[in-house]
Amino acid sequence: INPRHSQSHAMLYQHVDGLPNHKCMVDLALGKKPDLPHREGEFAIAAKWFPRRFEDGVVRRRPSDDEIAAVEADVPGTTIEVIVEEGARLSDMHDQDSYSFGLANIHIGADSEEELADKYDRCLKALPFEFSQP
């Protein structure tokens with residue numbers, strides 16, 4: 001049993017159930033019976049995606065805030081957090097594994113697995129990343 005509260009799942013609960021999972025924790029802290037809606041959100045399913053690069057490199061270009069906002073507006077139910085900065089060497093970043101490097105966190109809500117995968121593909125195609133070799 002993992003007793004830690006998952007912050008990274010909050011958006012997924014919001015998409016599917018209509019409220020983040022934090023609501024239960026707040027209710028418990030206030031001495032109330034936890035009440036979390038079930039399937040009252042905008043989407044039937046949700047996922048958190050982790051786009052990665054499988055070789056080291058230096059980030060020469062990452063999506064701008066305006067480009068990210070445009071993708072989020074074009075792909076409903078999408079929230080994008082880019083976690084690399086221009087000029088950063090991927091292998092110098094914290095919390096990376098030994099064989100791949102995280103570029104972003106993408107939360108997506110959808111009504112089917114096919115729609116979810118399509119939205120993710122649309123996001124990847126629209127987010128410009130450029131790298132130089134180490």
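Reader: Before we start, what should I know about the model and its numbering?

Author: It's a predicted model, where local features need pLDDT of at least 70, side-chain atom pairs count only at pLDDT 80 or more, and totals for chains, interfaces and linings use all residues. Residues are numbered from 1 along each chain as its sequence is written, and side-chain values use heavy atoms, with hydrogens and water left out.

Reader: Okay. How many helices and strands does the protein have, and in what order do the elements run?

Author: Helices (H or I, at least four residues) and strands (E, at least two) are DSSP runs, numbered from the N terminus. Here you get 4 helices and 7 strands. Starting at the N terminus, the order is α-α-β-β-β-α-β-β-β-α-β. The C-alpha trace spans about 55 × 30 × 25 Å along its principal axes.

Reader: What share of the residues count as buried?

Author: "Buried" means under 20% relative accessible area, "exposed" means over 50%, and "partly exposed" is in between, using a 1.4 Å probe and protein chains only. Of the 134 residues in this protein, 34% count as buried.

Reader: Which residues touch the most other members of the largest nonpolar core?

Author: The general idea is that in soluble globular proteins, nonpolar side chains tend to be buried together. A nonpolar core is a set of buried Ala, Val, Leu, Ile, Met, Phe, Trp, Tyr and Cys residues joined through side-chain atoms within 4.5 Å. The largest one here has 20 residues, and Ile80, Val84, Leu90, Ile106, Cys123 and Leu127 touch the most other members. The elements giving two or more residues to it are α3 (65-74), β4 (78-82), β6 (104-110) and α4 (113-126). β6 gives the most, with 4 residues.

Reader: Let's zoom in on Cys123. Which residues is Cys123 in contact with?

Author: Contact means heavy atoms within 4.5 Å. Leaving aside neighbours within four places in sequence, Cys123 is in contact with Val71, Val75, Thr78, Ile80, Ile106 and Ile108.

Reader: And Lys119, is that residue buried or exposed?

Author: Lys119 is found in helix α4, and Lys119 counts as buried because its relative accessibility is 3%. With neighbours within four places in sequence left aside, its contacts are Phe43, Val75, Pro76, Ile108, Gly109 and Ala110.

Reader: What do the buried residues of α1 pack against?

Author: In helix α1 (residues 10-17), the buried residues are Ala10, Leu12, His15, Val16 and Asp17. They pack against α2 (22-29), β1 (45-49) and β6.

Reader: How many salt bridges does the structure hold?

Author: A salt bridge is a side-chain nitrogen of Lys or Arg within 4 Å of a carboxyl oxygen of Asp or Glu. There are 8 of them in this structure. One pairs Asp97 with Arg52, whose closest N and O atoms are 3.4 Å apart. That pair links distant parts of the chain, with Asp97 in the loop between β4 and β5 (101-102) and Arg52 in strand β2 (residues 52-53), 45 residues apart. Asp97 is partly exposed at 29% relative accessible area, and Arg52 is partly exposed at 30%.

Reader: Where is the partner of Arg62?

Author: Arg62 forms a salt bridge with Glu85, with the closest N and O atoms 3.2 Å apart. Arg62 is in the loop between β3 (58-61) and α3, while Glu85 is in the loop between β4 and β5, 23 residues apart. Arg62 counts as buried, at 13% relative accessibility, whereas Glu85 is partly exposed, at 49% relative accessible area. Elsewhere, Asp74, Asp118 and Arg122 are linked in a network of salt bridges.

Reader: One last thing: where are Arg39 and Asp95 placed, and what is phi for each of them?

Author: Most residues other than glycine have a negative phi. Arg39 has a positive phi near 60° and sits in the loop between α2 and β1. Asp95 also has a positive phi near 60°, and its place is in the loop between β4 and β5. Arg39 is exposed at 53% relative accessibility, and Asp95 is exposed at 79% relative accessible area.
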